[in-house]
Number of protein chains: 4
Amino acid sequence: MKVRVAVFGASGYAGEELLRILLRHKNAEVAAITSRKSAGEPVSTVFPRFTGAPLVFCEPDVEAIASKCDAAILALPHGLATEYAIPLLNAGIKVFDISADFRLRSPEKYKEYYKADHPAPELLRKAVYGLPERYREQLRTADLVACAGCYPTSSILPTAPLLAAGLVSPKGIVVASCSGVTGAGRKVDLPYIFPECNESLKAYGVVGHRHLPEIEQEMAVAAGVPEMAINFIPHLAPMNRGINSTIVMDAMPGTTLEKIGEVYAQAYGSEQFVRILPPGRTSDTKYVFMTNTCEIGYNLDPHTNKVIVTSCIDNLTKGAAGQAVQCMNIRFGLDEAEGLL
Amino acid sequence: MKVRVAVFGASGYAGEELLRILLRHKNAEVAAITSRKSAGEPVSTVFPRFTGAPLVFCEPDVEAIASKCDAAILALPHGLATEYAIPLLNAGIKVFDISADFRLRSPEKYKEYYKADHPAPELLRKAVYGLPERYREQLRTADLVACAGCYPTSSILPTAPLLAAGLVSPKGIVVASCSGVTGAGRKVDLPYIFPECNESLKAYGVVGHRHLPEIEQEMAVAAGVPEMAINFIPHLAPMNRGINSTIVMDAMPGTTLEKIGEVYAQAYGSEQFVRILPPGRTSDTKYVFMTNTCEIGYNLDPHTNKVIVTSCIDNLTKGAAGQAVQCMNIRFGLDEAEGLL
Amino acid sequence: MKVRVAVFGASGYAGEELLRILLRHKNAEVAAITSRKSAGEPVSTVFPRFTGAPLVFCEPDVEAIASKCDAAILALPHGLATEYAIPLLNAGIKVFDISADFRLRSPEKYKEYYKADHPAPELLRKAVYGLPERYREQLRTADLVACAGCYPTSSILPTAPLLAAGLVSPKGIVVASCSGVTGAGRKVDLPYIFPECNESLKAYGVVGHRHLPEIEQEMAVAAGVPEMAINFIPHLAPMNRGINSTIVMDAMPGTTLEKIGEVYAQAYGSEQFVRILPPGRTSDTKYVFMTNTCEIGYNLDPHTNKVIVTSCIDNLTKGAAGQAVQCMNIRFGLDEAEGLL
Amino acid sequence: MKVRVAVFGASGYAGEELLRILLRHKNAEVAAITSRKSAGEPVSTVFPRFTGAPLVFCEPDVEAIASKCDAAILALPHGLATEYAIPLLNAGIKVFDISADFRLRSPEKYKEYYKADHPAPELLRKAVYGLPERYREQLRTADLVACAGCYPTSSILPTAPLLAAGLVSPKGIVVASCSGVTGAGRKVDLPYIFPECNESLKAYGVVGHRHLPEIEQEMAVAAGVPEMAINFIPHLAPMNRGINSTIVMDAMPGTTLEKIGEVYAQAYGSEQFVRILPPGRTSDTKYVFMTNTCEIGYNLDPHTNKVIVTSCIDNLTKGAAGQAVQCMNIRFGLDEAEGLL
């Protein structure tokens, strides 16, 4: 059996990564790829690396596409995803959304950060958060999956088990992340041209970045508290792919490196896509480049009594396309790693 | 009048940057450049960009060199600097040390971080910390200048005025810094070859980095407290030059963006080499590339009541060679910016 | 059936790429990985991305390894490969050598370029040149495969059909190539550290590069002439992977873009790993990044009557590890593309 | 005396480099900087590195600007430069044009490559080609200077003396050049965003690039022949600045490395901004980074009897802004190197 997958918004970097994965996936076939700008053109026009693949971009005609697919992966800009998700869900298609449209459970938070009412608040309740290492069981039966964002994935995976185990305080957490430029999408704008990015490293969105409430929401779930307030500070770094998140947390009394290691082993010991480094080591984006792995290192600073965790993912794979396929594999009962190694 | 300057250890990146600055300096002449490995070779053998400059590397023969220079800038590895500083000082030469040998005032701290007794603890008292924006008056008469380190410069300049004014708490400060690869020196080692650094971003020295006590020492001076304990987390980023430090601090009651702006204006309003951005902006390494400027941006997060400051320098200029020349200019009564614009 | 493969010299970049390919190969299993420096260490010590793979580096003990493998891929330095190839061949193992040891058919040429007698000249006759698009039939029964080099692959594939068809002159060919830094191997040497390579582009080996006789040999075979003399000029470019070769040749009378297109279609129309671009386009290293594809573009300059061909490969994949696996797949009767998509 | 300089089109990369040079120039002052898009904004809005410089972008009002400047440097797009040059010349202002508008002496060639009649063909005769090492005397009295292009500068400087001395043939020359991305200007277009350029190296404009007739024109002048036809093949490389041109030419009978060295010594021995490497060496873009120098290396391949020359410049300095200032210094009788070291 092959899952027939439609990719909406396939001409961006997440779309390209989805095709890279799906074209070698044994139990999936690409049923449609949409792009309003490139409709009618073969995939190789936009992505020469896929020359030979018999794929042609089409208009995002939901009705026509729904009739020939089982799953839809939405790599659309924020806001647009909802427009497509609704009719696709109505047509019985399983939807895996890479945008941020369905990640927040609270319509109020959504309004606070997106300055608009959510167009379909009932779907916020329906959506399952697409982070398999945290929500695998719910994903098995989900109709709508809100795939975890790139920064959130790199922040939640290393912190959730520690918060859940009470090894760190939910208060005063600082997350400083650096992302490669594909994190901005295939965006044609002055700040993203090569000479502006090369030899440049800078923070942005220092206060109130849109990934902040998503990170806080999931950290709070893990910590078992109603609300959390953290600092999340993203940076742009001169590389194509990769996110490194360095996270500083107050150690709770009695926390030791050994206990942290045990908690991680219990949480992720059987996870294929989480790699816990030996204590004292730090993660490196190059070791997860073009993989679906999250690499985590941990330290304890006796000087300040802080737990310092570093965490790396490839923002296009585990932070977007790979995560979507991993969720899809789970939903359709396939080998969770299919296409991802 | 021209200051005759000897550069010890001139074949590394700080040495190259020193020559770039000194060769266009109107009131300085390069009296000697030493390199044990390249002694006897013209400067152009190591640095083709200086072809035509009539300079030849020589052995670091202190006696011979002392007889023909007024100032010595030491771009030597840690430990070696002391060996040369002592006889140079005895010969009446003003010494500007770029290494970390004389930056810590406490021999105990030195021993803790360098695992050895300081070879000349009396010089720790004598040395003036080479950060002109903080110690300009003392520098005018200093015999031995311990030029501020690269990470410390980018950390101390943006925090000292806020600590001194009581706008931020001295407790719980987190400094997350990213440095370009020249920060490691011209070191031939596997982690620094191009394919290992490119597409790589990682933290290192997460606990107990040697720049930590230097940062804490100067922050404590500014805050007027005997001791401070912070978290300093350096990262290596795939670029040649530049440090970005992102610093998260607890705001004290009553702190506002306006007050921060006023404090910075008072501290740095007349400084040529500090640029304070409008509130809400963030610094960018590319805007200080190959300059002696420290660019500082500031934010206040009402959500967590944190002051978030970003600060960028060029690690080889303001973080090393430029700073040394700025100190030298002050010491010899020259225009402080000579050679640096 | 699974081919049991030993990788000799597995701790370099070609070794890493081999493991990346072989670990997902359906019909191969890694029987041994050797590294004298890392013997006894798990593969993850050198390559954290392979954490979880149950592989441990071992000493290159030919006897022990020969008893448990069917094929050996040698990713060893020039010269050393022969030492291992001889006993492996004697033990009946099929050998795929990525080094340059067996690529030249003429012991005289070998001596001219390597300044030493070839240690096993009889093997030069026995070896099949490992460029499947040119020698597929011979590869099916080869015992010793001298995998084509990276620069040669990018130079021979686009020129051989044109030379064979008489569309270009074998005289006066100029090949100007640019390679990423992994082309130098995982070499720890000053010219390869990040700050020396970044913002640097330079030619090297302008006269008498060791890949020159290999390129000339295979071009001459294609052209049906006893000898050729060309100019091959390699450059180092600031990127990890990828070779672009730009090749300028005299058009023979009657040559048109259409004819070139036809010749390429005939030569490579059914090749999975050669992509011919529409006339007038140029190849781009990013479109072959981490693939086994050679992308070729062609132009005809009426102004000078030159055929200008551009050709890109990933030097570690089609230029090394991918090519070796492609040859191995052919030799063992497997799907030629297995592991390579 | 200070030359009052207006910079037209000051918001691009050449404009930024002009300001970097002019702001430290002892005998020049910036009288006006124009930018239609940024008129009314301080220079620091576009280029934070110039914060503190009392410069505000203004509309390109020729009349107003002409009344307060002695020289105008045009960093405008092709075509637009002529529009401004005419009234400026009429107002008696010396004009230094960085665009390609006045570089070709032949209106026919202009039409062939630019697909339009030249709007002011009489100015083509009046303009002096702005390459000081070739036209210094004419520049001393020029009213209109057509500054040499970046690729042409890197191609003409190393070839002209050899052609003039008859050491190489004017036939069959191949120039393969690689440029950093600032060579495309500060252009916001998909091919120039970071992820499209990084890990990418490709040829473009392989046939009929607009710099081709300029290169051929000046090579022919040097060779003393009426016309030349060469191949010029530019490439885009993943770096900010720098051009490397590798040039392959047929050696004439009797040409030796020694003779080449002598010819270069005679041509450039007293030039401050040309650096001839010892025979057998190759130039490197990093050694001219942010300098006004052209570095030239030369080789002779006995195997094919070709002279192979490599030549590097910084495209924004010697290839644009630095060259314009050098020409201006000559025209106004200043030290030719002022502002450029």
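1. Two residues are taken to be in contact when heavy atoms of theirs lie within 4.5 Å of each other. In this predicted model, 46 residues of chain D are in contact with 46 residues of chain C.

2. The area buried between chain D and chain C comes to about 3500 Å², and carbon and sulfur atoms give 59% of it. On the side of chain D, the residues that lose the most area to chain C are D:Glu199, D:Leu201 and D:His303, which together account for 20% of what that side buries.

3. Between chain D and chain C the count is 2 salt bridges; one of them joins C:Lys286 to D:Glu196, with the closest N and O atoms 3.7 Å apart. The count of residue pairs in polar contact between these chains, taking pairs with both residues at pLDDT 80 or more, is 22.

4. Several elements of chain D each supply at least two residues of the side that touches chain C, among them helix H9 (194-197), helix H10 (212-223), strand E13 (294-301) and strand E14 (306-313). Of the elements on that side, E14(D) gives the most, with 4 residues. By residue class, the side of chain D that touches chain C divides into 24 nonpolar, 13 polar and 9 charged residues.

5. Turning to chain A, an unreviewed UniProt entry lists residues 4-142 under "domain: Semialdehyde dehydrogenase NAD-binding". Over residues 4-142 of chain A, the model is 37% helix and 18% strand, and the C-alpha atoms at the ends are 17 Å apart.

How values were computed: Residues are numbered from 1 along each chain as its sequence is written. Chains are lettered from A and ligands numbered from 1 in the order in which they are written. This is a predicted model: local features need pLDDT of at least 70, side-chain atom pairs count only at pLDDT 80 or more; totals for chains, interfaces and linings use all residues. Side-chain values use heavy atoms; hydrogens and water are left out. Buried area is the accessible area (1.4 Å probe) that two parts lose on being put together, summed over both. A salt bridge is a side-chain nitrogen of Lys or Arg within 4 Å of a carboxyl oxygen of Asp or Glu. A polar contact is a pair of N or O atoms within 3.5 Å; within protein, one must be able to donate a hydrogen and the other to accept it, and residues adjacent in sequence count only if both atoms are side-chain atoms. Ala, Val, Leu, Ile, Met, Phe, Trp, Tyr, Cys and Pro count as nonpolar, Asp, Glu, Lys and Arg as charged, and the others, Gly among them, as polar. UniProt positions are given in the numbering used here, feature names are shortened, and annotations may be inferred rather than shown by experiment.
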